[in-house]
Amino acid sequence: MTDLRFAGLARNWLARSAGIALLAVLPALADAAALEQFKSFVASTKSARGEFTQRQVSTNGDKARVSNPASGTFIFARPGKFIWTYKQPYEQVLQADGQKLYIYDRDLNQVTVRKLGSALGSSPAAILFGSNDLEKNFTLKEGGAKDGLEWLEATPKAKDTTFDKIGIGMRNGVPEAMELRDSFGQVSLLTFTKFQKNPPMKLSQFRFVAPKGADVFQN
């Protein structure tokens with residue numbers, strides 16, 4: 001499922017159409033280049049939780065249109081276990097247990113189930129939720145400084161992915177922003193707050209239980 005579009009575009013997938021352990025070295029990471037910060041983050045972060053805000057930017061000629069923000073929470077445990085929850089402006093959950101991906105739309109009371117398989121491989125979700133072997137699926141390079149962040153550019157090596165380029169903005173050793181650019185000129189902008197690295201958690205919490213009365217579709 002190489003067209004997995006990191007959580008923020010989930011509603012388009014469905015019928016209506018993703019600091020604790022290193023405190024001692026954070027001062028050094030604050031001034032480090034994005035690639036160095038990112039590799040340290042991946043190597044040291046087995047799990048995390050936080051909050052996100054997402055906007056989409058589309059262009060029509062010389063005009064750029066920015067959508068109203070969507071927001072919610074996330075929690076993940078590498079590899080391939082996560083719960084990405086939209087709270088505003090609609091309620092929706094993307095949840096993976098390491099083997100399957102569940103997309104629950106509360107308004108429709110509908111669950112779509114997909115095999116996780118290699119879905120995370122070349123998708124933006126791999127940045128946060130996948131294995132540590134990111135350079136197998138992405139070409140990584142420095143993207144320079146912008147908006148107070150050090151940016152990394154990740155280009156998928158696969159030719160049939162939805163996104164042409166992914167930008168990751170790093171500060172103090174954690175990602176604070178992502179820019180997801182697709183082949184149609186649309187950009188999804190994600191910002192992360194209250195990012196907590198390696199919090200205590202139980203893996204059982206990633207087991208998905210379908211809400212009562214929900215329609216379940218297997219893809």
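Which residue in E12 is the bridge partner of Ala177? Keep that in mind; point 3 has the answer.

1. **What you're looking at.** This is a predicted model, where local features need pLDDT of at least 70, side-chain atom pairs count only at pLDDT 80 or more, and totals for chains, interfaces and linings use all residues. Residues are numbered from 1 along each chain as its sequence is written, and side-chain values use heavy atoms, with hydrogens and water left out.

2. **The overall build.** The chain has 4 helices and 13 strands (DSSP runs numbered from the N terminus: helices are H or I with at least four residues, strands are E with at least two). Of its 219 residues, 47% are buried (buried is under 20% relative accessible area, exposed is over 50%, partly exposed is in between, using a 1.4 Å probe and protein chains only).

3. Strands E11 (residues 174-182) and E12 (residues 187-197) run antiparallel and are joined by 5 bridges (DSSP has to find at least two bridges between two strands for them to pair). Back to the opening question: Ala177 has Thr191 as its bridge partner in E12. The hairpin has 4 residues between its strands, and Gly185 in the turn shows a positive phi of about 85°.

4. **Two asparagines to check.** Most residues other than glycine have a negative phi, and most peptide bonds are trans. Asn172, however, has a positive phi of about 55°; look for Asn172 in the loop between strand E10 (163-171) and E11. Asn198 has a positive phi too, about 50°, and sits in the loop between E12 and E13. Asn172 is partly exposed at 36% relative accessibility, and Asn198 is partly exposed at 28%.

5. **Two cis bonds.** The peptide bond from Arg78 to Pro79 is cis, with omega near -10°, and Pro79 is in the loop between strand E3 (70-77) and strand E4 (81-88). The bond from Gln88 to Pro89 is also cis, with omega near -5°; Pro89 lies in the loop between E4 and strand E5 (92-97).

6. The mean pLDDT is 80, and 80% of the residues reach 70 or more (pLDDT is the predictor's confidence in each residue, from 0 to 100). Among the elements, helix H1 (residues 10-13) has the lowest mean pLDDT, 39, while strand E13 (residues 215-218) has the highest, 94. Over residues 1-31 the pLDDT is below 50. Where pLDDT is low, the predicted coordinates should not be read in detail.

Notes: Contact = heavy atoms within 4.5 Å.
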